[in-house]
Amino acid sequence: MTKQRAILTLFLQIFTFTLFAQHEYFESIDGVKGGAFMKDALHNIIKEHARIGYGSGGNRTWYAFYITDAIEKAGKHNVIDRYSSNEYLFNKQGESVPGMHIEHCVAKSWWGGVKNNAYHDLHHLNPADAIANIRKNNYPPGELKSIRWENGVTYVGKAEIDGNIQNAYEPCDEYKGDFARILMYMFTCYQDLTWTYTWMNYEYSTYPTLKPWAVELLLKWHKQDPVSTTEISRNNAVFMIQGNRNPYIDYPQLADYVWGDSISHIFRLPN
């Protein structure tokens with residue numbers, strides 16, 4: 001067998017295994033009605049997962065990022081940064097990258113900063129340009145009416161949030177869907193948290209959890225920027241490390257079954 005054929009065979013085996021694992025993992029939502037029923041069913045699937053240590057070192061966040069957020073270029077392991085166009089390189093696995101932070105897509109202050117499973121969850125932790133992360137602060141996402149800082153990938157300024165003009169950030173078009181699906185995952189996985197900051201969501205609400213303006217925004221971004229191969233690869237990698245998946249990446253149509261125009265319909269897993 002040639003080297004190229006061996007690589008192709010291995011890829012097909014991994015791809016087939018992933019599809020099987022994905023279908024089996026979500027088997028219990030087949031036949032479930034949308035809306036609160038579906039959100040509860042997804043929550044019950046994804047809430048149980050391994051907790052990876054936070055920070056640098058073995059079996060911690062930066063160790064995982066080397067697997068989930070690296071792309072090889074010219075023999076180097078570049079960091080996939082969704083917050084800037086700067087080039088960052090991984091060194092040794094487990095080491096933090098100078099100039100970067102561990103960014104919580106759903107800011108930890110939103111639930112009071114408790115170091116719970118959400119604090120450690122790789123699905124919403126990202127290696128991020130430190131300056132962009134500082135500028136972004138703990139602001140909610142929004143479509144900006146004015147911009148006071150930007151780097152071409154992350155934009156910070158003022159947006160209309162639930163009828164009020166306030167601080168917000170906006171990702172570039174390439175990552176709008178990525179962040180929408182991360183946020184939908186977080187407010188499904190951790191729907192039973194009591195939230196301190198409630199820009200996007202109600203203080204305590206297992207359904208719908210998200211406020212109407214946030215549902216409208218996230219569904220819009222989700223549909224404008226479809227799931228990418230990079231997201232699929234990351235979802236698979238996090239699953240291998242942490243043991244749970246982002247359903248809105250695996251089955252993008254679920255967003256409509258939970259919050260959109262399919263909430264009164266029965267969901268069927270694709271064959």
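Author: Start with helix α6. Of its 17 residues, 15 are buried, so the helix is largely enclosed by the rest of the structure. Buried means under 20% relative accessible area, exposed over 50%, and partly exposed in between, with a 1.4 Å probe and protein chains only. Helices (H or I, at least four residues) and strands (E, at least two) are DSSP runs, numbered from the N terminus.

Reader: Where do these values come from?

Author: This is a predicted model, in which local features need pLDDT of at least 70, side-chain atom pairs count only at pLDDT 80 or more, and totals for chains, interfaces and linings use all residues. Residues are numbered from 1 along each chain as its sequence is written, and side-chain values use heavy atoms, with hydrogens and water left out.

Reader: Is Thr209 buried or exposed?

Author: Thr209 is found in the loop between α6 and α7. Its phi is positive, about 70°, although Thr209 is not a glycine. With a relative accessible area of 1%, Thr209 is buried.

Reader: What does Asp162 count as at 44% relative accessibility?

Author: Asp162 lies in the loop between β6 (154-161) and β7 (164-171). Phi of Asp162 is also positive, near 55°. Its 44% relative accessibility makes it partly exposed.
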